Amino acid sequence: MSPSAAPEEVRGLTGLSAKLYLETIREHYADLDRVSDDVLVTHGNALCLARGQALVDQAKKTKQELELSGKQASAILGTAHGYCGRNVFG
């Protein structure tokens with residue numbers, strides 16, 4: 001089984017994946033410019049690491065704490081999961 005197929009192996013947003021996540025958010029979602037880079041990465045990483053009900057709870061927490069619309073929360077969730085554990089060199 002490849003590492004990307006192993007559900008027990010969860011990688012968050014670190015290093016290059018965090019950088020690409022931020023670049024994507026900043027480029028495509030200008031309305032999130034009021035949220036600092038550190039806060040976006042912290043919440044994006046938490047969304048990456050959460051599974052099941054914990055993911056639902058984290059999404060709600062992110063939306064509430066950052067005072068996001070549903071569209072903004074979806075953008076953060078989708079973008080974070082797009083970069084979670086992705087092999088950016090492959």
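1. A residue counts as buried under 20% relative accessible area, as exposed over 50%, and as partly exposed in between, with a 1.4 Å probe and protein chains only. By this definition Cys-84, at 18% relative accessibility, is buried. Cys-48 is also buried, with a relative accessible area of 0%.

2. This is a predicted model, in which local features need pLDDT of at least 70, side-chain atom pairs count only at pLDDT 80 or more, and totals for chains, interfaces and linings use all residues. Residues are numbered from 1 along each chain as its sequence is written, and side-chain values use heavy atoms, leaving out hydrogens and water.

3. A disulfide is a pair of cysteine sulfur atoms within 2.5 Å, and a search of the whole structure finds 1. The sulfur atoms of Cys-48 and Cys-84 lie 1.7 Å apart and form this link. Helices here are DSSP runs (H or I, at least four residues), numbered from the N terminus.

4. Helix H1 (residues 15–28) and helix H2 (residues 37–49) have axes that come within 10 Å and cross at roughly 115°. Axes are lines fitted to C-alpha atoms over the stretch in contact, and angles run from 0 to 180 degrees between N-to-C directions. H1 is therefore roughly perpendicular to H2, a term that covers 65 to 115 degrees.

5. The contact (heavy atoms within 4.5 Å) involves Ala-18, Tyr-21, Leu-22, Ile-25 and Arg-26 of H1, together with Asp-37, Leu-40, Val-41 and Gly-44 of H2.

Terms used: Helices (H or I, at least four residues) and strands (E, at least two) are DSSP runs, numbered from the N terminus. Angles under 35 degrees count as roughly parallel, over 145 as roughly antiparallel, 65 to 115 as roughly perpendicular and the rest as oblique.
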